[in-house]
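Subject: Structure for your attention

Dear colleague,

Please find the structure below, followed by an account of what was found in it. I would be grateful if you read the two side by side.

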Amino acid sequence: MAAGGEQSGKKARILVVDDDENMRKLLSVVLTSKGHEIFLASGPIEGIEAAARKKPDLIVLDLFMEPISGMDVLVQLRQVESSAKTPVLMLTAANTINTVNQAFDLGVTDYITKPINLDRLQKKIAELLVRGPQ
Amino acid sequence: MRVRFKYLFGKPKPQGEPIPVIVDPILHDIVDGYLEDALDQADALEEACKQKDFDAVGKLAFTMSGQGGSFGFDQISVWGDELVKAAKEAKTDVIDDIVPKYKDYLTRVQVSYDLKKRTERPPEES
């Protein structure tokens, strides 16, 4: 576990789950630049499988995906022991109280809205890695 | 490897002055690919509007909104949000107004990479 990733200089293992290819590339470039090891999943089912296989230190999860949403993925991640406490940062365009509250009720660790402010993203990732498993 | 026959002879010619946008240098290697995809999306938006396929317009606009500002092109996200709303309300006049502006923007946008001069940033969350 690479808790404290950026501060300690250790790299973290981060899984990005997003069905948008351009967003996966962007997240990969930004997070790789900080020395993290990135795993990319191009959809929700691939994301659930990758989480079980790779056991990442942190998961960046898009909300709006098909055939199941990021919320559904979150529920499944929390039911599996290996990812039950893994920090999950949700990407959402819907910055509404209802959506955010529902995500927190389901066990999300934090969220960030699209379009993504890259500085804010890096700061949130660093904070979550310092905090470690929830 | 993706082959873009549509732009085999170059991208559409810009009509008017370049629009300068300063992008985070960290995105240098992926911005050109994003802008090419954005041109494809603009064509798809145009076609969806012609077909009055508002569901498709909404989905494309949603993607446009999420990607634009993330890559440093805040204006694209603004138009994306407006198009999402217009698609929900089936307002073809709004869509017909924005899509040509979006295509024009994509042909005129001139990217430079200088973190110190970066001015276009997505809005901070509250």
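In chain B, the axes of helix α1 (residues 28–50) and helix α2 (residues 54–70) cross at roughly 155° and come within 9 Å of each other. Axes here are lines fitted to C-alpha atoms, for helices over the stretch in contact, and angles run from 0 to 180 degrees between N-to-C directions. The crossing angle makes α1(B) roughly antiparallel to α2(B); angles over 145 degrees count as roughly antiparallel, under 35 as roughly parallel, 65 to 115 as roughly perpendicular and the rest as oblique. Helices (H or I, at least four residues) and strands (E, at least two) are DSSP runs, numbered from the N terminus.

This is a predicted model, in which local features need pLDDT of at least 70 and side-chain atom pairs count only at pLDDT 80 or more, while totals for chains, interfaces and linings use all residues. Residues are numbered from 1 along each chain as its sequence is written, and chains are lettered from A and ligands numbered from 1 in the order in which they are written.

The crossing of α1(B) past α2(B) is left-handed, a term used if the near helix is turned anticlockwise from the far one by less than a right angle, with clockwise giving right-handed. On the α1(B) side, the meeting residues are Tyr34(B), Gln41(B), Ala44(B), Leu45(B), Ala48(B) and Cys49(B). They face Ala56(B), Val57(B), Leu60(B), Thr63(B), Met64(B) and Gln67(B) in α2(B). Two residues are in contact if their C-beta atoms, placed from the backbone, lie within 7 Å. By class, the residues of this contact are nine nonpolar, three polar and no charged. Ala, Val, Leu, Ile, Met, Phe, Trp, Tyr, Cys and Pro count as nonpolar, Asp, Glu, Lys and Arg as charged, and the others, Gly among them, as polar.

Helix α2(B) also packs with helix α3 (residues 74–88) of chain B, at an angle of about 160° and with the axes 7 Å apart. That makes α2(B) roughly antiparallel to α3(B), and their crossing is left-handed. Among the residues making the contact are Phe54(B), Ala61(B) and Phe62(B) of α2(B), and Ile76(B), Trp79(B) and Leu83(B) of α3(B). The contact of α2(B) with α3(B) comprises ten nonpolar, six polar and three charged residues.

Taken as a whole, chain B has four helices and two strands, in the sequence pattern β-α-α-α-α-β. Of its 126 residues, 32% are buried, that is, with 20 or more other C-beta atoms within 10 Å of their own; exposed residues have 12 or fewer and partly exposed ones lie in between, with C-beta atoms placed from the backbone. Among contacts in chain B with a separation of 6 or more, 65% involve residues 24 or more positions apart.

Chain A contains an open sheet of five strands, ordered β2-β1-β3-β4-β5, with parallel pairing. Strands pair if DSSP finds at least two bridges between them. At the edges lie β2 (37–41) and β5 (110–113) of chain A, each pairing on one side only. From one strand to the next, the twist averages 20°. Strand β1 (residues 13–17) of chain A runs parallel to β2(A) and is joined to it by five bridges, and Ile14(A) stands opposite Ile38(A) in β2(A). Helix α2 (residues 21–32) of chain A packs on the sheet, where it touches β1, β2 and β3 (58–62) of chain A. The direction of this helix makes about 170° with that of β2(A).

Some backbone details may also be of use. The peptide bond from Glu66(A) to Pro67(A) is cis, with omega near 5°; Pro67(A) is placed in the loop between β3 and α4 (70–79) of chain A. The bond from Lys114(A) to Pro115(A) is also cis, with omega near -5°, and Pro115(A) lies in the loop between β5 and α6 (118–131) of chain A.

Finally, the two chains touch: 21 residues of chain B are in contact with 16 residues of chain A. The largest share of the chain B side, eight residues, comes from α2(B). That side has seven nonpolar, eight polar and six charged residues.

Yours sincerely
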